[in-house]
Each structure stands twice: as structure tokens, then as C-alpha cells.
Amino acid sequence: MKESEIIRTLFGTTPPPEDDCYFLAPNRLVTTDSLSEGTHFLHEWSSPQVLAKKLVEVNVSDITASGGWPKECFLNLGLSPLSRKKEWIRSFSKELRKSLDQYGMKLAGGDTFSASKTQLTLTVVGTVEKPWLRSGGKPGDYLYTTGSLGKSQLGFYSLKKKSKDKLYKEAIEHHLSPKSRYAILNSLQKFQIHACMDITDGLIQDSERLAIASKGKLKIQVESVPLDPLANKELGLDLCLGSGEELELLFLSPTILPTVLAGIPVTMVGRLEKGKPGVQFIKGGKIYVPKSRGFLHFSEEE
């Protein structure tokens, strides 16, 4: 079963949520995200400090993508024979407190348990004035993305190849410790944002989710998509378009935005139109179909 089918099965006859955050009226957001050993990380690649930072950042990214500010969090720790060692726990805890302090977040509770592999889950509660929902896009809205795409995938490939080349150091750091775009939040809120999400499964999959939620057809100009130059050179277009865990924001707005906000590049890459919900990539004036969709947690055959 595909991930979407599993989620629909869990919710039964109730429509599953479209957003990574749940909006609790009048002004609360709740999100949760996990890092699982063997799926999201390997201990040989990621130190406890790196994992603590990443766990906070992926959750803060979800809150940011909904237009909110993180406040409290709850931590669930499944500790393996390696991660239950005193040195590991102390290093993880010190970095976790540092990362939470950076956002003014409070650790309010959680759970710890023994596990064969390390399982890390953070649930974050935030505040919001008016949430940005994926379903808010309107025909005519411009599609924007922050930063550039492809660097995380390049970092992953470099780690797999055990490359020691300094050329890939930045990409490896980006893959292991992606940073949320929280810094752009206040600047972005000065403009009209109809829908927003963060890129965690790659532009190909996530733009489709945004289009379906907003019930429109997204046309994306491939030449406009900001690709990391080194990643594009090393991996090619399709792998960059499918690069996950980027934590860049993907959003719809009726406004022509500045190309830089809070020091972060903002690029218009497409537009939402009326039509069958989905995504159409355009390259050289012709429809372009990527050969791969990026990482899938579950194959259709399972």
C-alpha cells in the first residue's frame, strides 16, 4: 500500500488531514515528526548532537509552514543499546536544550522506552494568528519556493559513497542538519499567503500534494526552479526535483514578491490554474515528465 492509502485506511470514513499541522481554534497548531534509525538516519553518519538539532528543525519547519511560532514540545525517546549509553544521552540532551532555547521552546513532557533501534519523536505545539493551509490556494496564485533544491540529495549520495572530498562537505551538512526557514516567517507574513508547506519529500511529490489540496492545476516552469549548482551538475535535474528533506517553503500567493526576504532567496516557479488537480512540469515549452518521483516510504506493491 502507498503511504496515502495507509493514512486513508487509518482514518476510515473520516477525510484524512491535508496539512502537517493540526489547527486547534482559535490560535493553536500541533505537529509531530519522527526520526527512525535505518529510515531517516544511521548512527555512523549522525551524532547525537546532529539528531537533536534535526529533530527540532523538522518540527519547527512544519509549524513555520503553517504560519505559526513553536512554543511547547513533547519528546518520545526509543533508546537502543547504543543510544541509551550515558554519553549519548548527555550529548543529545545538551544539544536538544540548545536547539529548543534558540526558538524559545519549552520541553513539557514525553516518554522514554527501550527499543532495538533508536526512535525519536517530537510533538510541537505552536501559536498562530491565521494558519496557512495547503487548501487555501486560488487560481491565478503564483507558486514560490525559498532557497534552492538538490543539496540534500547530493549530501545523501556523498554519504553513501563515503566521499571525503571537501567539495561535498556543505551538502552533507545540509542533509544531516537541514535548517527550517523560520527566519523568513515574519517577513513573509507581511504578504498575502494563500497556501504553504515545506519540502520534505521533494518538489515533485510535494507540489502535487499542494495542488490536490488546493483543488487546482499547478504548472511549474522547470527552468525557473532554483537548483543547487553542484547538485544539478553531479546528479542531474530529476534527482534535484525529487530531493527530500530540504525544508524549503513551497507556497502560493497572489502577490509578486521580492526575490529576497530576510536574506533568503525567494523564486517564482509556477502558477496555479483551474483544471484537474495535479502538477504539470513545463520545460522548453513542452510538458516534462520526471523519470523518478523521489523517495517513497512504501511501494505500491507492498
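Accessible areas here come from the Shrake-Rupley method with a 1.4 Å probe, and for residues only the protein chains shown count as cover. With that in mind, the chain exposes about 15200 Å², and carbon and sulfur atoms supply 54% of it.

A quick word on the ground rules, everyone. This is a predicted model, where local features need pLDDT of at least 70 and side-chain atom pairs count only at pLDDT 80 or more, while totals for chains, interfaces and linings use all residues. Residues are numbered from 1 along each chain as its sequence is written, and side-chain values use heavy atoms, with hydrogens and water left out.

Let's look at the overall build. You'll find nine helices and 13 strands in the chain; these are DSSP runs numbered from the N terminus, with helices being H or I of at least four residues and strands E of at least two. The C-alpha trace spans about 55 × 50 × 45 Å along its principal axes. Of the 302 residues, 48% are buried, meaning under 20% relative accessible area, whereas exposed is over 50% and partly exposed lies in between. Taking contact as heavy atoms within 4.5 Å, and looking at contacts between residues at least 6 apart in sequence, 85% join residues at least 24 apart.

The whole structure holds five aromatic pairs. Rings of Phe, Tyr and Trp (its six-membered ring) pair if their centres lie within 6.5 Å; planes under 30 degrees apart are stacked, over 60 edge-to-face, and the rest tilted.

One of the pairs is Trp 88 with Phe 92, stacked at 5.1 Å centre to centre with 10° between the planes. Why are these two about one helical turn apart? Because they sit four residues apart in helix α3, residues 86–102. Both Trp 88 and Phe 92 are buried.

Tyr 144 and Phe 251 also stack, at 5.3 Å centre to centre and 15° between the planes. Tyr 144 belongs to strand β6 (residues 142–146) and Phe 251 to strand β9 (residues 249–253), so this pair ties together parts that are 107 residues apart in sequence. Tyr 144 counts as buried because its relative accessibility is 1%, and Phe 251 counts as buried at 0%.

Elsewhere, Trp 45, Phe 156 and Tyr 157 form one aromatic cluster.

Key. Buried means under 20% relative accessible area, exposed over 50%, partly exposed in between (1.4 Å probe, protein chains only).
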